[in-house]
Amino acid sequence: VERDLASFQSEYAIRNRDKIHHIIFLCLFWIIFSLSSALYILHQIKIVGEMEVQEEEEDIDEAWMYFWIYTLGIIPWVSIGGNALQWWLHYRWITRGGVATDTLSKIVPSSLQTDDFTSEEEAKRYVAMA
């Protein structure tokens, strides 16, 4: 457990956390952009409807109805269902997808060697935790 905790302080783990922060930022930006685009289009439909330029104009009430159906109905259910399916497939793959053998392919060491770490300083830090 201590080695596991020490690995969260490694440079590789810090880079992965930074990448995840960038991905979260990108996803939030995309959500805000898509939502603001839909609201802008609805606003433009309202303006065109008030100008009475077209004979057959789009109904703003129908457009708002579709907006709320998709925003509060279809999109959350599709995303929840897709995530649930992905987690179920991952769970099934982890629990039933492996090949069980009766021969040992890798021996777990009973003590850590200094070459298990990337640097001597990291090895000293780990020993200090023990």
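Guide: Start with a definition. A helix here is a DSSP run of H or I with at least four residues, and a strand is a run of E with at least two. Elements are numbered from the N terminus. Keep in mind that this is a predicted model.

By that count, the protein chain has four helices and zero strands. Read from the N terminus, the order is α-α-α-α. The chain has 130 residues, and 9% of them are buried. Its exposed surface comes to about 12,100 Å². Carbon and sulfur atoms supply 64% of that surface. Now look at contacts between residues at least 6 apart in sequence. Of these, 47% join residues at least 24 apart.

The largest pocket holds about 310 Å³ of space. Two elements, α2 and α3, each give two or more residues to its lining. Helix α3 covers residues 60–96. In total, 14 residues line the pocket. Nearest the centre of the pocket lie S34, A38, F67, T71 and I75. The lining has 12 nonpolar residues, two polar ones and no charged ones.

Take α2 first. With eight residues, α2 provides the largest share of the lining. This helix spans residues 11–51, which makes 41 residues. From first C-alpha to last, α2 reaches 60 Å. That is close to the 60 Å expected at 1.5 Å a residue. Four residues of α2 are buried: A13, L42, I45 and G49. An α-helix has 3.6 residues a turn, so residues three or four places apart point the same way.

Is Y70 buried, exposed or partly exposed? Its relative accessibility is 44%, so Y70 counts as partly exposed. The cut-offs make this clear: buried means under 20%, and exposed means over 50%. Which residues does Y70 touch, leaving aside neighbours within four places in sequence? Y70 is in contact with I75 and P76.

Notes:
Residues are numbered from 1 along each chain as its sequence is written. This is a predicted model: local features need pLDDT of at least 70, side-chain atom pairs count only at pLDDT 80 or more; totals for chains, interfaces and linings use all residues. Side-chain values use heavy atoms; hydrogens and water are left out. Buried means under 20% relative accessible area, exposed over 50%, partly exposed in between (1.4 Å probe, protein chains only). Contact means heavy atoms within 4.5 Å. Accessible areas come from the Shrake-Rupley method with a 1.4 Å probe; for residues, only the protein chains shown count as cover. The expected span of a helix is 1.5 Å times one less than its number of residues. On a 1 Å grid over the protein atoms alone, a cavity is a set of points where a 1.4 Å probe fits but cannot get out, and a pocket is an open set with protein on both sides within 12 Å along at least five of seven lines; lining residues have an atom within 4 Å of a point. Grid points are joined across faces, edges and corners, and a volume is the space filled by probe spheres set on the points. Ala, Val, Leu, Ile, Met, Phe, Trp, Tyr, Cys and Pro count as nonpolar, Asp, Glu, Lys and Arg as charged, and the others, Gly among them, as polar.
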